[in-house]
Amino acid sequence: MRLQFPAAWFYPLPVPNLDQPPAAAELAVDRDFLRSAFRSMLVARVLESKLASLYKAGKIVGGVYLGKGQEAVSAALGTALIRGKDVFCPLIRDQAGRTAFGETMLDCTRTYLGSVEGPMGGRDGNVHRGRPQEGVPAMISHLGAQISVVAGILFARRMKGCLQDAVGATCIGDGATSTGAFHEALNLAAVEKLPLVLVVANNQFAYSTPNSRQFAAGDLVERASGYGVRGWSVDGTDLLACASVVREAVRRARVGGGPQMIVAHLLRLSGHGEHDDAFYVPQTARQSHYGRDCLEIGIRQLVEKGVATVDEIAVWRDQAAEDVQRAVAQAQQESAPDPYREDWSAIATRFPLSL
Amino acid sequence: MSVTYIDAIREAQEKLLRDDERVFLYGQDIATFGGAFKATKGLAALFPGRVFDAPIAEDAMIGLAVGAAIEGLRPIVEMQFADFSSIAFNQIVNQAATHYYRTGVPIPITVRLPSGGTPGSGPFHSQSMEGIYAQYPGLIVLTPATVSDAYHMLIDGVALDDPVVYCEHKFLYRWLKAKTINNEHLPIGQARIARPGKHATVVAYSAMVHEAVRAADRLQRDGWEIEVVDLRSVKPLDLDTILASVARTGRLLAVGESFPWGGVTAEVVSLVTEHGFNLLDAPPQRLNSRDTPVPYHPKLWASHRPTPESICDSLRQLLRF
């Protein structure tokens, strides 16, 4: 028998009217930004749909974790950042942000499919990938732990005198705001006045645990002022709103405004991973304002604003599908790591040392 | 003039800050105040912008150090007491220790752990964590026992590309003095014969080296010549030096101040049994603290940790075989 969840478990949030986006959305968001961010959303969705199919076909090593429903805020962040200058530490549901920040599709497919050619060489998998020396730290599973790492990169750059107007960004979910690591790191970043942008994707459920069992604050953004951090609340299903809020937060961090915390309200449109059917998400949540699909809203917004045509979007989608097929095919042809060739050493130092 | 163990740690950090611009110090109360044990006294004034007070956030402190290491710096993080590194455990063992293996990017951070018991310090200011950290792949765990090693192993540890857990013993801070710091020293990873002998080997590290030497001095009056091996680093563990010593003596006692379940002494006994079973004339023995939290009262504390008396007792039993 399935558990029945009372409607109150789904935290009621103010529902903005799509036809009248929040005032922040009126801030200048240029056409190129929206096209670029949307295209990353679309690529991520197509890529992740393929990953889900591969998982169901038993072709994936380990789990698959989708960002479905979180693409708008993630892509807005990745698009607002500058690769080669900024730091971006994505989390579990940030395929769109990764794509927007310039991660190659092969990095993704190779890691999920266990190719030795991937950035982790088969030593770590799925979403635990990155290129730390290119400004993309590789997340560990312990939530909240990446915030202080990004802070440390910014701190070091400031010490070295090469920070300039770079920013560092990372993402977490509603569940991770309960961790000590989150608190320690956000406080530390605020004490150091670092240009850190933290996106909290409040997707209503941490694995299966609803907001009501996670925190008692009305809106997580209320926490920001307690840390001395600028807080932003945004409708995560609204690409225009995400684009304007994220850009403005990143801009403020860039010009010395200190840490910025953006809370994006949305609903996870998948299970925690593809092994999870999310039966515990009540119908009321799915049918609510936040249950809508940010990709569909994004299409409507782009078309209505004359930023892109339906035909163009169809071409982008087909192109993405083709790129995904190619990236999957290549990763599948590549070798798995070879335990007999593996350097079974966890340290860079080669003992014995001599003086 | 003499140099204490804590002086050596301070001098090493001064030298590191002077010689290597990648080095910076981060920890609670270490800047103006100079650290709870004065290991960084005066360094903030000598090196402006290189010595930072941290908030009481051990997890974020190590996270920050990892980020700085990714950027090519060499942070030295002072935990005010080793015991509090439990709050940073995740960042040390999961973030720092796995990073090189996962990404190929090394994390050259040094975490200083003021370790071990002193009278009256109680359960939360007395712990020895070396065994726990040594268990994790990706970490180098140093346990200097002498003034010269405190100095050189800190400098050599910071030069390594891997995360280093540097366990400095609080009991030795001011009690242990040397006339001067020797320039000659062994590389990290090599153990030292602290006292030569032929009837039994005591493998010890950190403050227990001195307790073992005292015990050996006492037994000498009865005609026993006890060899004391100072491990210097518990990871890597210099099995060659240990086996060579056991080959000479035929008897092994491993002494550690940490809790008795598992840990460094268990590893030493296990490795010697595995690789040098035929060298042993008697069953190898271990001596650790008692299996309780470290007690506060000096009388209880003195009975909780291995002492020259308890080491002598263990050795007499071992020599009876």
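Start where the two chains meet: select the contact between chain A and chain B, to which chain B gives 37 residues and chain A gives 37 residues. The model on screen is predicted. On the chain B side of this contact, colour α3 (58-70) and α4 (89-103), each of which supplies at least two residues. Sorted by class, the chain B side that touches chain A holds 20 nonpolar, twelve polar and five charged residues.

**Stop 1: two helices across the contact**

Now select helix α6 of chain A, residues 180-191, together with α3(B). Two packed helices are described by the angle between their axes and the distance between the axes. Here the angle is about 65 degrees and the axes of α6(A) and α3(B) lie 8 Å apart. Turn the view to look at the crossing of α6(A) and α3(B), which is right-handed.

Show the residues that meet at this crossing. From α6(A), pick Gly180(A), Ala181(A), Glu184(A), Ala185(A) and Leu188(A). From α3(B), pick Asp59(B), Ala60(B), Gly63(B) and Leu64(B). The residues in this contact of α6(A) with α3(B) comprise five nonpolar, two polar and two charged.

**Stop 2: Glu184(A)**

Stay on helix α6 of chain A and centre on Glu184(A). Is Glu184(A) buried or exposed? Glu184(A) has 28 other C-beta atoms within 10 Å, so it is buried; the cut-off for that class is 20 or more.

Next, select what Glu184(A) touches, leaving aside its neighbours within four places in sequence. The contacts are Ser148(A) in chain A, and Ala57(B), Asp59(B) and Ala60(B) in chain B. To get a sense of distance, draw a line from the C-alpha of Glu184(A) to that of Ser244(A): it runs 28 Å in space, between residues 60 apart in sequence.

**Stop 3: chain A as a whole**

Chain A has eleven helices and seven strands. With a radius of gyration of 20 Å, close to the 20 Å that the globule rule gives for 355 residues, chain A is as compact as a globular protein of that length. The C-alpha trace of chain A spans about 65 × 50 × 45 Å along its principal axes. Buried residues account for 53% of the 355 residues of chain A. Of the chain A contacts between residues at least 6 apart in sequence, 75% join residues at least 24 apart.

**Stop 4: chain B as a whole**

Switch to chain B, which has twelve helices and 14 strands. Its C-alpha trace spans about 60 × 40 × 40 Å along the principal axes. In chain B, 59% of the 321 residues are buried. Among chain B contacts between residues at least 6 apart in sequence, 78% join residues at least 24 apart.

**Stop 5: the domains of chain B**

Colour chain B by its domain assignment: domain 1 covers 3-178 and domain 2 covers 192-320. The centres of domain 1 and domain 2 of chain B, taken over C-alpha atoms, are 26 Å apart. Where the two touch, domain 1 of chain B contributes 25 residues and domain 2 of chain B contributes 22 residues.

Which elements give two or more residues to the domain 1 side of this contact in chain B? They are α5 (130-134), β6 (140-142), α6 (147-159) and β7 (164-169) of chain B. That side of domain 1 of chain B has 13 nonpolar, ten polar and two charged residues.

Terms used. Residues are numbered from 1 along each chain as its sequence is written. Chains are lettered from A and ligands numbered from 1 in the order in which they are written. This is a predicted model: local features need pLDDT of at least 70, side-chain atom pairs count only at pLDDT 80 or more; totals for chains, interfaces and linings use all residues. Domain bounds come from an automatic or database domain assignment. Two residues are in contact if their C-beta atoms, placed from the backbone, lie within 7 Å. Helices (H or I, at least four residues) and strands (E, at least two) are DSSP runs, numbered from the N terminus. Ala, Val, Leu, Ile, Met, Phe, Trp, Tyr, Cys and Pro count as nonpolar, Asp, Glu, Lys and Arg as charged, and the others, Gly among them, as polar. The radius of gyration is taken over C-alpha atoms; the globule rule is 2.2 Å times the number of residues to the power 0.38. A residue is buried if 20 or more other C-beta atoms lie within 10 Å of its own, exposed if 12 or fewer, and partly exposed in between; C-beta atoms are placed from the backbone. Axes are lines fitted to C-alpha atoms, for helices over the stretch in contact, and angles run from 0 to 180 degrees between N-to-C directions. A crossing is left-handed if the near helix is turned anticlockwise from the far one by less than a right angle, and right-handed if clockwise.
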